[in-house]
Amino acid sequence: MNAQFPAPVDAAPVPQRPVVLIGPMAAGKSFLALHMSKFYGYDFVDADQLIVSRHGVISTIFSEHGEKYFRDLEADTVAEVLRDPDHANAIFSVGGGAPMTPSVREMLRHELVAYLEVDAETVLPRISGNRTRPMLRPDPERRWQELYESRRACYEELADIRLDGTRNRPVAEIGADLEEALVRLRAQRTDRGAPAGDRPATDRPATDQEAQA
């Protein structure tokens with residue numbers, strides 16, 4: 001637990017696995033994760049921040065080594081955080097393209113995943129003229145739309161929780177929605193007598209492979 005910002009006395013039990021935040025670039029995932037740390041007592045972990053602290057600026061990694069090199073670093077970082085018991089109580093924000101890497105996508109199928117949904121109207125003012133995100137070059141607005149459309153189905157498939165971040169909703173409202181959903185999912189898990197580390201039951205339909213397993 002975050003000692004500086006203890007959880008409310010009526011908070012749900014400490015989760016046994018991190019809560020992974022996914023969603024498009026500039027959705028506000030890191031901001032939401034930080035809010036959850038400050039007001040609900042979770043640990044804050046951000047994949048991009050870890051990569052920058054160890055390997056340097058992401059745009060430089062892209063320009064010097066290419067996207068595949070970055071995606072490999074990203075996948076290794078996600079795997080490291082997910083298997084580290086010190087991060088069991090974390091809200092873990094990952095980059096917008098992380099779930100598109102097959103190994104990351106497979107890892108997330110076994111985790112509790114919250115998808116922060118946004119719309120173009122909310123995001124475009126945040127990225128207009130942006131030159132620091134290599135995946136948005138050379139036209140940030142057009143590229144964001146293209147990337148979101150190509151990734152949205154993956155986000156939706158992985159999501160146990162879907163959070164409405166459209167219309168510039170205040171982060172406090174989104175955070176309250178996330179905590180309410182987590183409390184509900186943990187209660188369902190307890191009612192079913194599932195082991196503490198099991199993924200909560202969700203309404204996500206099984207894939208063909210899962211149905212055949």
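**Fold and helix packing in a predicted model**

Of the 213 residues that make up the protein chain, 46% count as buried, and the structure described here is a predicted model rather than an experimental one. The secondary structure of the chain comes to 9 helices and 5 strands, and, read from the N terminus on, these elements follow the order β-α-β-α-α-α-β-α-β-α-α-β-α-α. Among the contacts in the chain with a separation of 6 or more, 76% are accounted for by residues 24 or more positions apart.

The strands are considered next. An open sheet of 5 strands is formed in the order S2-S3-S1-S4-S5, and its pairing is parallel. Strand S2 (43-46) and strand S5 (161-164) are the edge strands, each of which pairs on one side only. On average, and with direction ignored, neighbouring strands of this sheet are turned by 25 degrees against each other. Helix H1 (residues 29-40) packs on the sheet, where it touches strand S1 (19-22), S2, strand S3 (90-93), S4 and S5, and the direction of H1 makes about 160 degrees with that of S2.

Strand S4 (residues 112-117) and S5 run parallel and are joined by 4 bridges; Ala 114 stands opposite Ile 161 in S5, and Tyr 115 stands opposite Arg 162 in S5. In a regular strand, the side chains alternate between the two faces of the sheet. In S5, Ile 161 and Leu 163 belong to a covered face, whereas Arg 162 and Asp 164 belong to an uncovered one.

Several pairs of helices also pack against one another, and helix H4 takes part in two of the contacts described here. The axes of helix H2 (residues 47-55) and helix H4 (residues 67-83) come within 10 Å and cross at roughly 115 degrees, and H2 and H4 are therefore roughly perpendicular to each other. The crossing of H2 and H4 is right-handed. On the side of H2 the contact is made by Ala 47, Asp 48, Leu 50, Ile 51, Arg 54 and His 55, and on the side of H4 by Phe 70, Leu 73, Glu 74, Thr 77, Glu 80 and Val 81. When the residues of this contact between H2 and H4 are divided by class, 6 are nonpolar, 2 are polar and 4 are charged.

Helix H3 (residues 58-65) packs with H4 at an angle of about 130 degrees, and the axes of the two helices are 7 Å apart; H3 and H4 are therefore oblique to each other. Here H3 contributes Ile 58, Ile 61, Phe 62 and His 65, while H4 contributes Glu 67, Tyr 69, Phe 70, Arg 71 and Leu 73. The contact of H3 with H4 has 6 nonpolar residues, 1 polar residue and 2 charged residues.

Most residues other than glycine have a negative phi. Arg 167, although it is not a glycine, has a positive phi of about 60 degrees, and Asn 168 likewise has a positive value, near 55 degrees, in a residue other than glycine. Arg 167 is found in the loop between S5 and helix H8 (171-191), and Asn 168 is found in the loop between S5 and H8 as well. With a relative accessibility of 58%, Arg 167 counts as exposed, whereas Asn 168, with a relative accessible area of 49%, is partly exposed.

Conventions
Residues numbered from 1 in each chain as written. Predicted model: local features only at pLDDT ≥ 70, side-chain atom pairs only at ≥ 80, totals over all residues. Heavy atoms only, no water. Axes fitted to C-alpha atoms, helices over the stretch in contact; angles between N-to-C directions. Parallel < 35°, antiparallel > 145°, perpendicular 65-115°, else oblique. Left-handed = near helix turned anticlockwise from the far one by under 90°. Contact = heavy atoms within 4.5 Å. Nonpolar A, V, L, I, M, F, W, Y, C, P; charged D, E, K, R; others polar. Pairing = 2+ DSSP bridges. Buried < 20%, exposed > 50% of the residue type's maximum accessible area, 1.4 Å probe, protein only.
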